[in-house]
Amino acid sequence: MALQLGWDCGTAYDFFLSLLVLYDPEQFALRGAWAAGVRSRLSAEAREFLQEVQVADLHWIHALPEPKDSATVLEVMAEVPPAERLFALLLSDLPPDATSLLRDVAGRGAWNQQDASTLKQVLPMAKEKRKEKELTMFLDWAANSEAFGDSYLAAMENYREVFFEEEEA
């Protein structure tokens with residue numbers, strides 16, 4: 001089977017990727033002061049939350065209906081039950097063992113050291129020592145998946161309202 005390459009357009013991609021720029025401006029050769037100024041327009045809750053969560057699964061964005069803009073993102077995101085947003089928007093491309101473990105953690109509402117050890121074994125990125133923080137974040141998010149889903153939608157709505165909607169136009 002030959003690999004097929006396709007192009008997709010929509011400001012939905014910019015909506016998510018612009019957060020990477022705002023939280024790591026030096027990587028994109030932008031002034032940190034400018035990015036800090038934009039971040040300061042966010043509510044304290046959204047600013048803190050988005051510091052940890054800055055991307056979505058590109059497959060999820062690709063599957064959005066037209067027009068693939070920030071309003072569509074928020075409409076579709078709102079239709080996903082809060083407890084499922086983590087799995088639908090951020091973790092859909094994880095290995096099946098990792099997804100199963102995180103769903104189990106979500107069902108229990110808590111995680112333990114055994115869960116962390118198992119997740120470290122099944123997530124390729126977690127094998128590096130410096131990725132321990134991401135491992136813990138995934139487990140915390142899964143243990144509080146409904147709160148995560150509510151916070152994610154609220155933060156993205158706030159970001160769109162105070163910055164992106166104007167830029168998108």
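This is a selection-by-selection tour of a predicted model.

**The core**

Start with Phe 16, Leu 90, Leu 119 and Tyr 152, the residues with the most contacts inside the largest nonpolar core, which has 52 residues. Then select residues 145-168, helix α10: nine residues of this core come from there, the largest share.

Keep Phe 16 on screen and show its surroundings. Leaving aside residues up to four places away in sequence, Phe 16 touches Gln 54, Val 55, Ala 56, Trp 60, Ile 61, Val 73, Met 77, Tyr 152 and Met 156.

**α1 against α5**

Select α1 (11-23) and α5 (70-79). Their axes come within 7 Å and cross at roughly 80°. Angles of 65 to 115 degrees count as roughly perpendicular, and α1 and α5 are therefore described that way. The contact divides into six nonpolar residues, two polar and no charged.

**Two loops**

Move to the loop between α4 (58-62) and α5 (70-79), and pick Pro 67. The peptide bond from Glu 66 to Pro 67 is cis, with omega near -5°.

Next, go to the loop between α1 (11-23) and α2 (32-40), where Ala 29 lies. Its phi is near 60°, a positive value in a residue other than glycine. Is Ala 29 buried or exposed? The relative accessibility of Ala 29 is 72%, and exposed means over 50%, so Ala 29 counts as exposed.

**α3, one face at a time**

Select residues 44-52, helix α3, and colour Ala 46, Phe 49 and Leu 50, which are buried. These three cover an arc of only 95° around the axis, which puts them on the same side of α3. An α-helix has 3.6 residues a turn, so residues three or four places apart point the same way. The buried residues of α3 pack against α1 and α10. Turn to the face away from the buried side to find the exposed residues Glu 48 and Gln 51.

Select residues 113-122, helix α8. Which of its residues are buried? They are Asp 115, Ala 116, Leu 119 and Val 122. Their arc around the axis is only 135°, so they sit on the same side of α8. That buried set packs against α7 and α9. The face turned away from it carries the exposed residues Gln 113, Gln 114 and Gln 121.

Select Leu 102, Val 105 and Ala 106 of α7, then Phe 138, Leu 139, Ala 142 and Ala 143 of α9, to display the contact. By class, its residues are seven nonpolar, no polar and no charged.

**Last stop: Leu 135**

Stay on helix α9 and pick Leu 135. Leu 135 has a relative accessible area of 3% and is therefore buried. To finish, draw a C-alpha to C-alpha distance from Leu 135 to Ala 154: the two are 19 residues apart in sequence and 24 Å apart in space.

Note on methods: Residues are numbered from 1 along each chain as its sequence is written. This is a predicted model: local features need pLDDT of at least 70, side-chain atom pairs count only at pLDDT 80 or more; totals for chains, interfaces and linings use all residues. Side-chain values use heavy atoms; hydrogens and water are left out. A nonpolar core is a set of buried Ala, Val, Leu, Ile, Met, Phe, Trp, Tyr and Cys residues joined through side-chain atoms within 4.5 Å. Buried means under 20% relative accessible area, exposed over 50%, partly exposed in between (1.4 Å probe, protein chains only). Helices (H or I, at least four residues) and strands (E, at least two) are DSSP runs, numbered from the N terminus. Contact means heavy atoms within 4.5 Å. Ala, Val, Leu, Ile, Met, Phe, Trp, Tyr, Cys and Pro count as nonpolar, Asp, Glu, Lys and Arg as charged, and the others, Gly among them, as polar. The arc is that of the directions from the helix axis to the C-beta atoms. Axes are lines fitted to C-alpha atoms, for helices over the stretch in contact, and angles run from 0 to 180 degrees between N-to-C directions. Angles under 35 degrees count as roughly parallel, over 145 as roughly antiparallel, 65 to 115 as roughly perpendicular and the rest as oblique.
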